[in-house]
Amino acid sequence: MNDKFILLATCKDKVGITSLIANLIAKYDANILHLDHFTEYNSNDDNEGKLYLRFEFNKVPELKPELENELHKHGIEFELFDSSVNTRIALFVSKEDHAFNEVLLRIERGEIPAEVVCIVSNHENNRRFAENLNIPFYYVPNNDEKSVVEDKILKIVAEHNTDLIVLAKYMQILTDNFVSHYKHKIINIHHSFLPSFIGANPYKQAWERGVKFVGATSHYVTSDLDEGPIIEQDVTRVNHRYNVKDLRKIGRHVESTVLAQAVEYHVLHKVIVTNNNKTVVFS
């Protein structure tokens, strides 16, 4: 695949924004490889739209400064990415290995263009997977005050120049201070029974209520627990023949695939977080 630039842009919707960017790209003989857009209208004012754009185009280094200057001049919020630069991921895990291994293996197979630069865990269970792939593994137990533990972890991820933190069933709540260091750069996974089945053993609670779907949600982490902008969701139908063990097995599968898909969308720069705690995902 040829190296390319990927542009994510957001601004007030008005005539000429898409052509402005396209014409500037054409000026440098860069070919637009993919273009997607979405306009969201405020329900209280149909005339006040917000435009979200995603461009993929040939990487012409001389184009970058002029494009950035033009976007700034027109008050367009944007991020410009180089496809040759892989996202550096810190993978956090506790005891369960299903979501952790799904993300890890997809990256190792080259299906997700990223690099796992370190693995952080409050348990030793998954060290062997890290060592088999020569990935630094850091065991950080919860035997200190929360602030002390998080300071240790923040130093670890900083030392590895981490771009994205993925919580692959990392069963610890991160403080607001920690989250503030990586705004919209921490992805979490949870079963979609929340808030209906909160607390211990949600699959047993679900079985007792006779659920008909098992699902999972992957989202960015914010200061509001499990209420960050949603990136990906999925469900699988179940019936009365499924016991708690069956539900848990199916739930693990859905959690794994949903988390991996969310990570892929993020590292391919297909996600824009809006101002109202939602996401636009150019799938």
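## Burial and the model

A residue is buried when its relative accessible area is under 20%, exposed when it is over 50%, and partly exposed in between (1.4 Å probe, protein chains only). The model is predicted: local features need pLDDT of at least 70, side-chain atom pairs count only at pLDDT 80 or more, and totals for chains, interfaces and linings use all residues. Residues are numbered from 1 along each chain as its sequence is written, and side-chain values use heavy atoms, without hydrogens and water.

## Aromatic pairs

The structure holds 5 aromatic pairs (ring centres of Phe, Tyr or the six-membered ring of Trp within 6.5 Å; planes under 30 degrees apart are stacked, over 60 edge-to-face, the rest tilted). One of them joins Phe5 and Phe57; this pair is tilted, at 5.9 Å centre to centre and 55° between the planes. Phe5 sits in strand β1 and Phe57 in strand β3 (strands are DSSP runs of E, at least two residues). The two residues are 52 apart, so the pair links distant parts of the chain.

Phe5 is buried, with a relative accessible area of 4%. Phe57 is also buried, at 0%. Elsewhere, ring pairs connect Phe92, Tyr170 and Phe178 into a cluster.

## Helix α1

After α1 comes Asp29, which has a positive phi, near 55°.

Notes
Helices (H or I, at least four residues) and strands (E, at least two) are DSSP runs, numbered from the N terminus.
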